[in-house]
Amino acid sequence: MTYRRIATEEAFAPAELLDCYRRMLHDGRGDKGFQSLWGFYLGSAAERPRAVVRRLADLGAERIADMDAAGIDHQVLALTAPGTNVLDAVTARSMATLANDVAAQAVRDHPDRFTALAAVAWQEPDSAVAELERAVSRLGMCGVIANSHVQGRYLDDQRFWPVLEAAERLDVPVYLHPNTPNDRMVEPLHEAGLDGAIYGFAVETGMHLLRIITSGVFDRFPRLKLVVGHLGEALPFWLPRIDHFHAAQVASGRYPAMKALQLRPSDYLRRNVWYTTSGMAWQPGIMFVRDVVGADRVLYAMDYPYQYVADEVRHQDELPLDAAELREFFEGIATRLFHLTV
């Protein structure tokens with residue numbers, strides 16, 4: 001093997017955040033998606049959710065043993081969804097600081113195995129900017145995690161744009177990670193058992209990414225880098241349809257929010273967005289996305305510990321790529337995108 005396998009969407013959660021979630025569940029706080037997802041992970045006695053929660057809190061021996069068993073050389077750590085987004089602003093601010101300090105210590109303890117994305121309190125954009133600057137300049141973090149909607153509000157809302165501006169200025173990517181759909185869209189998904197990773201995450205996060213694009217975020221911040229997992233939540237498959245109907249709706253004036261952009265939506269999906277394979281170790285899908293958005297936009301991720309399948313690394317080692325292409329896929333793109341020095 002002539003490349004290092006860097007996994008770029010690997011979740012963790014400090015014990016204090018998990019305890020906060022337990023209190024929220026006990027008190028009936030949080031939206032229906034939060035109650036559904038974390039009620040399962042923190043309330044079920046089944047082996048899988050218990051193992052996921054245990055692994056989330058471990059930034060040492062068990063996680064590294066799992067990495068070794070799967071052949072993962074390095075993880076980019078990110079605060080698990082929904083992160084701080086379900087918390088009140090004061091708690092979110094303190095929890096983001098705590099999570100960043102915990103992750104930074106793990107990086108110091110194992111610099112060859114971990115780097116980390118910053119958590120911020122998106123509810124308070126000014127403090128979020130300050131924490132992002134601290135995390136990047138003082139803690140050496142390589143991006144910022146955005147666990148999708150913030151209590152039903154999306155990053156096309158200009159109140160969040162100071163954080164995006166800071167990410168562009170600091171030249172670090174924003175990782176847009178799924179959240180459970182908010183209460184306005186979750187009901188038909190929840191009643192069918194489709195609100196989580198099986199489909200609800202893709203619906204919620206794909207929509208969020210389109211909202212970001214059509215709002216003009218990338219016209220305002222043309223150097224902003226955004227990363228999305230699960231091979232782009234199906235959007236690469238929709239590129240020509242999105243372009244066609246975006247142009248038609250702009251021309252019709254049907255929606256006040258649908259404004260003309262400098263480029264086609266698909267152009268931003270090729271210029272400003274990178275796509276990881278988290279949870280999608282499927283050769284046809286990987287090769288298709290490489291083809292339609294560019295091989296330099298698609299990089300490896302596992303989605304640990306939620307979808308920890310050791311054999312998936314072998315399957316991606318067997319992609320129909322030459323040695324140089326595999327090196328780019330597993331190592332090169334991530335090293336440049338996240339400014340990794342290890």
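The lining of the second largest pocket is made up of 11 nonpolar, 6 polar and 4 charged residues. Nonpolar here covers Ala, Val, Leu, Ile, Met, Phe, Trp, Tyr, Cys and Pro, charged covers Asp, Glu, Lys and Arg, and polar covers the others, Gly among them.

The model is predicted: local features need pLDDT of at least 70, side-chain atom pairs count only at pLDDT 80 or more, and totals for chains, interfaces and linings use all residues. Residues are numbered from 1 along each chain as its sequence is written, and side-chain values use heavy atoms, with hydrogens and water left out.

**Exercise 1.** Describe the second largest pocket by its volume, centre and helices.

*Solution.* A pocket is an open set of points on a 1 Å grid over the protein atoms alone where a 1.4 Å probe fits, with protein on both sides within 12 Å along at least five of seven lines; lining residues have an atom within 4 Å of a point.
- Step 1: the volume is about 490 Å³, meaning the space filled by probe spheres set on points joined across faces, edges and corners.
- Step 2: there are 21 lining residues, and those nearest the centre are Leu210, Thr214, His246, Gln249 and Met258.
- Step 3: helices H9 and H11 (239-252) each give at least two lining residues. H11 contributes the most, with 5 residues. Helices (H or I, at least four residues) and strands (E, at least two) are DSSP runs numbered from the N terminus.

**Exercise 2.** Trace the pairing of strands E1 and E4.

*Solution.* Two strands pair if DSSP finds at least two bridges between them.
- Step 1: E1 (residues 6-12) runs parallel to E2 (residues 74-79), and 5 bridges join them. Ala11 has Ala78 in E2 as its bridge partner.
- Step 2: all 7 of the 7 residues in E1 are buried, that is, under 20% relative accessible area with a 1.4 Å probe and protein chains only (exposed is over 50%, partly exposed in between).
- Step 3: E4 belongs to an open sheet of 5 strands in the order E4-E5-E6-E7-E8, paired in parallel. Its edge strands, E4 (144-146) and E8 (298-299), each pair on one side only.

**Exercise 3.** Is Leu340 buried or exposed, and which residues are in contact with Leu340?

*Solution.* 
- Step 1: Leu340 is found in the segment after helix H15 (323-337).
- Step 2: its relative accessibility is 9%, so Leu340 counts as buried.
- Step 3: apart from neighbours within four places in sequence, Leu340 is in contact (heavy atoms within 4.5 Å) with Ile6, Thr115, Cys142, Ala334 and Thr335.
- Step 4: Val76 is 264 residues from Leu340 in sequence, yet the two are 9.7 Å apart, C-alpha to C-alpha.
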